[in-house]
Amino acid sequence: MIRLHEVHKSFDHRNVLRGVNIAVDPGEFVFLTGPSGVGKTTFLRLLYAAERPTSGEVWVNDMRVDDLPLHKLPYLRRTMGVIFQDFKLLKRKSVLDNITFVLRFHGIPPREAHRRAYLTLKRLGLQHRQSAFPDALSGGEQQRVAIARALAYQPRLILADEPTGNLDAELAAELMSLLCDINYQGATVLVATHDHALLESIPARTLVLQRGVIAYDGIWPP
Amino acid sequence: MMRQIVSEGWGILRSRAGVSIALALALAVPLALGGFAVVVERWLAPLVATEAHAEPVQVLLRPDATGQRLQKWVDEQHSAHPKWQIEVVPPEKLADRLSQWFPYFRRIMDRNSLEIMPPLVEIVAPNPSALAGLENNPAVLAVGPRSNLGVLLRSALTRVRLVLGMTSLLLFAAAGLLAAVWVHLEMYRHADEITVMRLVGTTEGAVRGPFLVVVGATGVLAGAVSSGLTHLLTIWSSGVLGILGLRPPVVPWWLSVVQVVAAVALPTAAAAITLARHATFGIEE
């Protein structure tokens, strides 16, 4: 599902990743952790090809991402759902439209897109906010809309960048439960977080990124 | 997918209705001018075709150039200029011809014998200005006007076409540039949407599609407005020409089609180039 081989990434001579080697199998639930600024977001961006590695190979869903032609990027990105740290919601669209918008561009007919969007919102307890615009939502609600958008088209791979950063403990637990459900249904889930409480809540494989390398790979706590 | 592209395009169009209408007008004015130039040209064309026939230049000879002398002079000119068609004006038509130059000649000729009048020949030459050389001929008293109304009209028409065409072209190019700049600005305005569209796997066509829909719809509006303006200009000029007793100009049926096609094609091409240059898939989002 995901394979990184000797991946290096540097910005202005600052080495963020220095020879990362990992493999994630289909259906795995994996945490990626490490201190703030260690390169967790960069790691995820390499997976959805928002960044190219300085060197090394990145494979996602049987596609080599590091030298993927630009015109093939959409087809890679359609195989994954990304929950962004900064949500990336469309301010001019309602909550429901933020989700149907993506579904429609995935070729799903309007009625079915609306049905799926509504069901996903309901699953996240946001159905009563479907007509609201993002600016009228709290940080937690915005984060749940971003999660709903990533889940709505049922991707095989979910990449989540600090998905519980704006949620209280109860909502964070609900979200993790949701991600576990999705993982149980067969999707691969990779969650980047620095929240140790979150890591301890679910016994899953954890990758610890430190000084640009994977310093630990196993169940957390060690 | 197509419905979604159209729907997104419609959303942009609705949110920027004022700018879209201004852009449509900016496109419509040069197209209407160009269309009216076509109408004027088609109206003038038969007139120019009629008048474009080479007109004879009248050459008045000395009164003693009659009989054999006249024939000899004609033969000399024929051999020197084989392409000239030289015709001696018969005495009975002399009064008509000469009175064109001097109206009082008719009265003189009515009272006197035609024999007192100098002979007149009419020469049709491929290049009438070449007849100026005859002014130095000892047998020639005068050479008539060598300019041709058809030539003048054609020259005037060429200038009118050039001015209207260049003006339309410049305005049209400016409107195309305006469309490209507008698309560029809209892309910045919708940068967040474009970023999200790309991150969730939207294809390049779907990213660019809504902008092309907006520009295409604006082009259709511009085409319709330009066609309407051309018709209005034609109706107005028909009124003016009607007062002068001239036949009215007509807008050809295909002109509206050409105007709409041009109004859609130019901004769409400008938008497509702008999108290709500035909305390519960046790796850095």
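Of the 285 residues of chain B, 40% count as buried, where buried means under 20% relative accessible area, exposed means over 50% and partly exposed lies in between, with a 1.4 Å probe and protein chains only. This is a predicted model, in which local features need pLDDT of at least 70 and side-chain atom pairs count only at pLDDT 80 or more, while totals for chains, interfaces and linings use all residues. Residues are numbered from 1 along each chain as its sequence is written, chains are lettered from A and ligands numbered from 1 in the order in which they are written, and side-chain values use heavy atoms, with hydrogens and water left out.

Chain B contains nine helices and four strands, taken from DSSP runs (helices are H or I with at least four residues, strands are E with at least two, numbered from the N terminus). Read from the N terminus on, the elements of chain B follow the order α-α-β-α-β-α-α-β-β-α-α-α-α. Among the contacts in chain B with a separation of 6 or more, 82% are between residues 24 or more positions apart, a contact being heavy atoms within 4.5 Å.

Within chain B, helix α3 (residues 67-80) can be followed in some detail. Its 14 residues should span 20 Å at 1.5 Å a residue, and the end C-alpha atoms of α3(B) are 20 Å apart, which agrees; the expected span is 1.5 Å times one less than the number of residues. The buried residues of this helix are L70(B), W73(B), V74(B) and Q77(B). They cover an arc of only 95° around the axis, and therefore sit on the same side of α3(B), the arc being that of the directions from the helix axis to the C-beta atoms. An α-helix has 3.6 residues a turn, so residues three or four places apart point the same way. On the other side of α3(B), Q68(B), K72(B) and S79(B) are exposed, whereas the cover over the buried residues of α3(B) includes β1 (57-61), β2 (85-88), β3 (120-124) and β4 (140-143) of chain B.

Chain B also meets chain A, with 22 residues of chain B in contact with 26 residues of chain A. The area buried between the two chains is about 2400 Å², of which carbon and sulfur atoms give 60%; buried area is the accessible area (1.4 Å probe) that two parts lose on being put together, summed over both. On the side of chain B that touches chain A, the elements that give two or more residues are α1 (2-15) and α7 (191-199) of chain B, and the largest share, six residues, comes from α7(B).

In chain A, L178(A) belongs to helix α6 (residues 169-184) and is buried, with a relative accessible area of 7%. Leaving aside neighbours within four places in sequence, L178(A) is in contact with R123(A), L124(A), I147(A) and L151(A). The C-alpha atoms of L178(A) and R123(A) are separated by 8.6 Å, although these residues are 55 residues apart along the chain.

Two loop residues of chain A complete the picture. N61(A), in the loop between β4 (55-60) and β5 (63-64) of chain A, has a positive phi of about 45° although it is not a glycine, and N61(A) is buried at a relative accessible area of 7%. E162(A), in the loop between β7 (157-161) and α6 of chain A, likewise has a positive phi of about 45° without being a glycine, and E162(A) is buried at 9%.
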